[in-house]
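Work through the exercises below with the structure in view. Each task is followed by its solution in steps.

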Amino acid sequence: MAEQLSFQLEPAIPRPGDVAPMWPTPRPDPFDASDWLFEPTWGGHRVLVFVGPAEQPGGGDVRVMDARGAAFEGVLPELAGLAVRVAARSAVLDGELVAVDARGRADDEALRARLSGQPGRAVALLVFDLLHLDGRWLLGQPLDKRRAALRRVLRPGDEVVVVPAITGEGLALHAAVSAQGIAGVLARRRTSPYLPGGT
């Protein structure tokens, strides 16, 4: 009779550098399409947020990294407790950092000041996507599934919000964000995978 051994495998814990943001391709004209999701974007500073690892959901460290590898968790204490809003032992979120003025519009100057370590207005994380969850990369899953998982996992608060998405109605959303002075609209196919570093 052959002997058998069993080894417990630890889930893969993502590290900064394991994945890069997927970048949008600018398009001059808004459009409607039933197989696309449309999300407002404030034109903030694009980051990936690494949460965990932790033994229990809602714990662990929070690392905020941009595409150049700059880390911001040390200068943004308002995001230090973000893990308590994530119902997972580890996760990677794709989003943008924004500071808003009294009218609710993006304040790029205030954001730059905060990212350089100066005191000022609180910065919020607006989340578009969920790339990793509890030891599993979600990059190959359709956008619809990743966003559904994101809504289940992330509990919004003052410092973090899941960016709302609407299906099909890009023209209406573009008109609404233009009227409110928001930077633009992100359009993504509902079935698309996440292509790190791609467009």
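Ala, Val, Leu, Ile, Met, Phe, Trp, Tyr, Cys and Pro count as nonpolar, Asp, Glu, Lys and Arg as charged, and the others, Gly among them, as polar. This is a predicted model, where local features need pLDDT of at least 70 and side-chain atom pairs count only at pLDDT 80 or more, while totals for chains, interfaces and linings use all residues. Residues are numbered from 1 along each chain as its sequence is written, and side-chain values use heavy atoms, with hydrogens and water left out.

**Exercise 1.** Sort the residues that line the largest pocket by class.

Step 1. A pocket is an open set of points on a 1 Å grid over the protein atoms alone, where a 1.4 Å probe fits, with protein on both sides within 12 Å along at least five of seven lines; lining residues have an atom within 4 Å of a point.
Step 2. The lining of the largest pocket has 34 residues, and those nearest the centre include Val-185, Leu-186 and Ala-187.
Step 3. By class, 17 are nonpolar, 10 polar and seven charged.

**Exercise 2.** Do the sorting for the second largest pocket.

Step 1. This pocket is lined by 14 residues, with Asp-158 and Val-161 among those nearest its centre.
Step 2. Its lining holds 11 nonpolar and three charged residues, and no polar ones.

**Exercise 3.** Decide whether Arg-114 is buried or exposed.

Step 1. Buried means under 20% relative accessible area, exposed over 50%, and partly exposed in between (1.4 Å probe, protein chains only).
Step 2. Arg-114 has 5% relative accessibility, so Arg-114 counts as buried.
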